[in-house]
Amino acid sequence: MSRPGFILEVEKRTPPLLIGDGGAGRLATLPLGTQVVYPNEHDVSILDVDQAIGDVLHAPIGSEPLADRLGPGSTLTVVVTGLEVAPMGQDIRGRLVERVLDVAASRRVNDVRVLIAVGAGRRLTRSELVTVLGQRVVDALGPDDLIRQHDLADPAGVADLGLTTAGEPVLVNRRLAESDLVVTVNVAREADDAGAGFLAGGVVALATLDACHGFGAVEGASARVAAVLAEKLPLFAIDVVTDQADVAPAFDYLGRREWEWSVRQRVALRLARQAEGVARERLHRAMWEAGQARRTAVIAAGVPARVAEVSLRVLADQQLVQLPAPVDVLITGVPGRTRYNAGTTVDPLTAAWSALRGLERPGTPLRPGGAVIVCHPLRQDFSSTEHQASGDFFAQVLTRTTDPAVVNAEHERRYAEDEWYGHVHRDQHAYAGILPVYQWYAISRARAHCGDIVWVGADRESAARMGMRAATTLADALEIVSNRIGPDPQVAYLHAGATMVPDVVEGRG
């Protein structure tokens with residue numbers, strides 16, 4: 001049964017509510033009048049996934065059946081989303097790729113390659129490839145090097161598809177431009193990923209990524225790049241939208257309304273809080289990296305734009321919650337699993353990027369000059385293998401400047417072109433060197449919209465280094481921001497749980 005999200009106004013009888021902090025979470029008392037925004041509970045799923053896969057490949061939207069688009073001599077490339085989507089139990093991506101390869105084999109297609117859309121993310125290890133693609137696919141294609149992971153910085157491996165309507169260059173993995181058919185296997189977790197959207201970040205060259213996320217990026221660049229890719233590549237899109245259950249079932253109190261918690265869920269919170277003090281990394285893996293089974297809400301295939309329409313409708317049902325007006329103070333948290341911390345805890349840059357990105361866009365829940373309070377410890381836990389560039393950026397750049405213009409002029413080139421960062425990204429499963437720079441640009445755009453940003457329970461040095469402040473408790477944070485906002489602000493709290501996209505119609509201007 002599905003239930004829409006709703007807004008609870010805190011009154012005297014309201015008990016302490018769960019505040020998400022990237023870990024077990026904690027109970028806190030919120031000020032009277034606070035609007036607590038609860039996410040939707042979308043419980044629609046496909047009962048027979050294998051039958052649904054067969055149906056969409058045989059009767060796609062706006063396209064011939066997949067089999068009819070292949071034949072002897074065809075060059076086929078299957079593009080698969082990478083680790084921005086958490087691996088799942090019996091991963092739906094592997095089931096889809098297997099079915100696509102079976103269709104190709106039945107049509108006597110010999111030139112087949114699987115490409116992982118890595119972008120600025122990190123490359124999958126062999127065990128992760130098996131988890132995502134399945135043992136059968138890895139065994140069949142791996143020995144012949146037919147499973148590739150996109151190289152963001154390979155100038156010889158890209159094809160030039162021209163410019164977008166706003167002049168952004170569209171440089172894409174050459175294999176896609178040379179294929180007779182490109183089948184995309186995409187788990188859409190955000191609206192920008194739907195249809196061909198994920199290709200704009202996953203299979204393009206650094207120059208295109210820079211046009212979308214760099215210092216001078218113009219709003220809508222990724223969508224314009226995706227439109228060119230959809231127009232000029234022979235795409236057959238397959239989109240999947242799964243449920244929003246990001247946390248392992250044992251910790252499902254995170255996604256529930258407090259007055260509906262069972263005894264088991266109350267005990268689970270207490271035990272998780274205790275475990276966090278003695279085995280934090282172990283708890284993180286158990287909560288966020290367990291590879292739990294996901295239910296499939298929808299599968300669509302065919303023309304990318306038409307497929308995206310289906311995905312966007314379901315994502316809106318799952319994620320979109322409307323607020324009546326922008327607020328003065330926004331309280332939020334950071335999930336334990338984002339697209340840039342697969343297998344590791346969330347570092348301060350990724351935490352700030354996750355919590356703040358997009359706050360400056362139309363429909364934002366925060367008024368211009370308002371305050372953001374984020375609950376997260378901001379521990380400087382930069383993985384020495386996966387986040388080398390982010391750790392260096394945090395220690396060497398942000399200690400000198402937080403000005404994005406200075407970062408662009410004096411530091412960006414090093415992170416984009418340094419051979420060591422390129423080596424560890426390509427060969428040692430690290431995130432791209434340019435990632436922390438792009439994250440900082442996104443953070444900076446949000447900072448320009450916010451009058452104050454305060455982190456609760458955070459490392460004070462980490463917060464100060466990013467030009468922000470820290471508080472011990474939520475009450476302390478509210479007192480800090482009152483100096484700028486005033487004594488009687490309108491406060492909203494985005495409740496922990498499933499992914500939520502707050503939308504304020506009044507703020508669209």
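## Asp139 and its partner

In this predicted model, Asp139 counts as partly exposed, with a relative accessibility of 42%. The side chain of Asp139 meets that of Arg126 in a salt bridge, in which the N to O distance is 3.7 Å. Because Arg126 lies in helix 3 whereas Asp139 belongs to helix 4, which covers residues 135-141, the pair ties together parts that are 13 residues apart in sequence.

Arg122 is found in the loop between strand 6 (111-117) and helix 3 (126-133), while Glu386 sits in the loop between strand 15 (366-375) and helix 13 (388-397), so the bridge ties together parts of the chain that are 264 residues apart in sequence. Arg122 counts as buried because its relative accessibility is 5%, and Glu386, with a relative accessible area of 14%, is buried as well.

## A partly exposed pair

Arg280 and Asp381 form a salt bridge whose closest N and O atoms are 2.9 Å apart. This pair links distant parts of the chain, 101 residues apart, with Arg280 in helix 10 (residues 280-288) and Asp381 in the loop between strand 15 and helix 13. Arg280 is partly exposed at a relative accessible area of 26%, and Asp381 counts as partly exposed with a relative accessibility of 26%.

## The wider picture

In total, the structure holds 34 salt bridges. A network of salt bridges links Asp43, Arg189, Asp243, Asp246, Arg294 and Arg295.

Definitions and conventions: Residues are numbered from 1 along each chain as its sequence is written. This is a predicted model: local features need pLDDT of at least 70, side-chain atom pairs count only at pLDDT 80 or more; totals for chains, interfaces and linings use all residues. Side-chain values use heavy atoms; hydrogens and water are left out. A salt bridge is a side-chain nitrogen of Lys or Arg within 4 Å of a carboxyl oxygen of Asp or Glu. Helices (H or I, at least four residues) and strands (E, at least two) are DSSP runs, numbered from the N terminus. Buried means under 20% relative accessible area, exposed over 50%, partly exposed in between (1.4 Å probe, protein chains only).
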